[in-house]
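Welcome, and please open your viewer. We will go from one selection to the next and look at what is there.

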Amino acid sequence: MRRRRARDLVSLAAAIVAATLCSCDSESSSDGGEDGTPIKTRDMYMSAEIEATDDATAKISVRLHDGDPFLGTSYSLTGGDTLNACVGTACRQLTRRLLSFDYEADLPYVAESPYTISFSRRVDVSAPDSVVTLPVAFAILSPGSGLRVTDGDVVAVQWSPATAADHDYVSGRARCDYEDGVQNTRTTAGPLSVNAAGGFATVAIDTILAARPFSPLTEARLLRCDVVIEVAQKRIGTVDSRFGGAGAAFLGGDGLIGRVTRSVTLDYTPSRP
């Protein structure tokens, strides 16, 4: 899926980007089966996420595939097959961007209300009942944006409300500037903290900076980084049983997830010039 903004396999974010740009094959849903027949709904898997990064909008991403969303076959919707998402009375048809395997749409962010993803078909069986809810909005109380940090610092992260989801987790990434003008990004390979108790976690800045940077690489002196700490509250939804199953979602091991995320950006400079 995206990391809306992605999806180097040492980093989950890089894996998402790689999967989005160069996943193996794509077949048409209406005639990609044996002898040009439609792909059966029972042979399709769904990986989907609904994410709210602010208080206004929930972004929906869905990929239909053969059970492997990264290296397997993804299905493009043809022959009148459609994906739609609704919350309350607001509904949108999902569309696919050029060079993407993901169908996307935006809906209003409505906490604790069911978001329904419906797969409608003119042939074979429709699958209209994949459902997830989003937690209530929360705020990061500390650290404050722009806090200056350096090597060896450990930052206390606090957010409220604390327990509105199945899972709370904290992750980190850094956007770095070098003396030769190169800019690159590094992202932790997994969460820095999972199911953090009481809306509190500690984050070591060194852990984020130690992550392998994405291209372009350079041996020039590191000048500074924007260190982004993200807190996510995740709900696990249910995928319509008419599908073959729930494929691993792009940011977790479940086929349909709902997430509310908030982030704060810190100002890192190396302790030694």
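Begin with the hairpin of strand 9 and strand 10, which has 6 residues between the two strands. In its turn, select aspartate 124, whose phi is positive at about 60°. Strands here are DSSP runs of E with at least two residues, helices are runs of H or I with at least four, and both are numbered from the N terminus.

Before moving on, a word on what you have open: this is a predicted model, in which local features need pLDDT of at least 70 and side-chain atom pairs count only at pLDDT 80 or more, while totals for chains, interfaces and linings use all residues. Residues are numbered from 1 along each chain as its sequence is written, and side-chain values use heavy atoms, with hydrogens and water left out.

**Around strand 9**

Now colour strand 10 (residues 127–132); 4 bridges join strand 10 to strand 9, and the two run antiparallel. Strands count as paired if DSSP finds at least two bridges between them. Pick phenylalanine 119 and you will find its bridge partner, alanine 127, in strand 10.

Keep isoleucine 117 selected: with Leu64 and Val227, Ile117 is among the residues that touch the most other members of the largest nonpolar core, a set of 54 residues. Such a core consists of buried Ala, Val, Leu, Ile, Met, Phe, Trp, Tyr and Cys residues joined through side-chain atoms within 4.5 Å.

**Two disulfides**

Show the cysteine sulfur atoms next; the structure holds 2 disulfides, each a pair of sulfur atoms within 2.5 Å. Cysteine 86 and cysteine 91 form one of them, with the sulfur atoms 2.0 Å apart. The torsion about this S-S bond is about 115°, so the disulfide of cysteine 86 and cysteine 91 is right-handed.

Now jump to cysteine 176 and cysteine 225, joined by a disulfide with S to S 2.1 Å. This pair links distant parts of the chain, 49 residues apart: cysteine 176 is in strand 14 (residues 167–178) and cysteine 225 in strand 18 (residues 222–236). Cysteine 176 counts as buried at 1% relative accessibility, and cysteine 225 counts as buried at 0%.

**Strand 18 to strand 20**

Stay on strand 18, which pairs with strand 20 in the antiparallel sense over 12 bridges. Glutamate 230 stands opposite serine 263 of strand 20. Then select valine 227, whose contacts (heavy atoms within 4.5 Å) include Ile205, Leu209, Val264 and Leu266, leaving aside residues up to four places away in sequence.

Finish on strand 20 (residues 256–268), where 10 of 13 residues are buried. Strand 2 (residues 45–52) pairs with strand 20 in the parallel sense over 5 bridges, and alanine 52 has valine 260 as its bridge partner. Strand 12 (residues 148–149) also runs parallel to strand 20, joined by 2 bridges; there, arginine 148 partners aspartate 267.

Zoom out to end the tour: the protein chain has 2 helices and 20 strands, and buried residues make up 46% of its 273 residues.

Note on methods: Buried means under 20% relative accessible area, exposed over 50%, partly exposed in between (1.4 Å probe, protein chains only).
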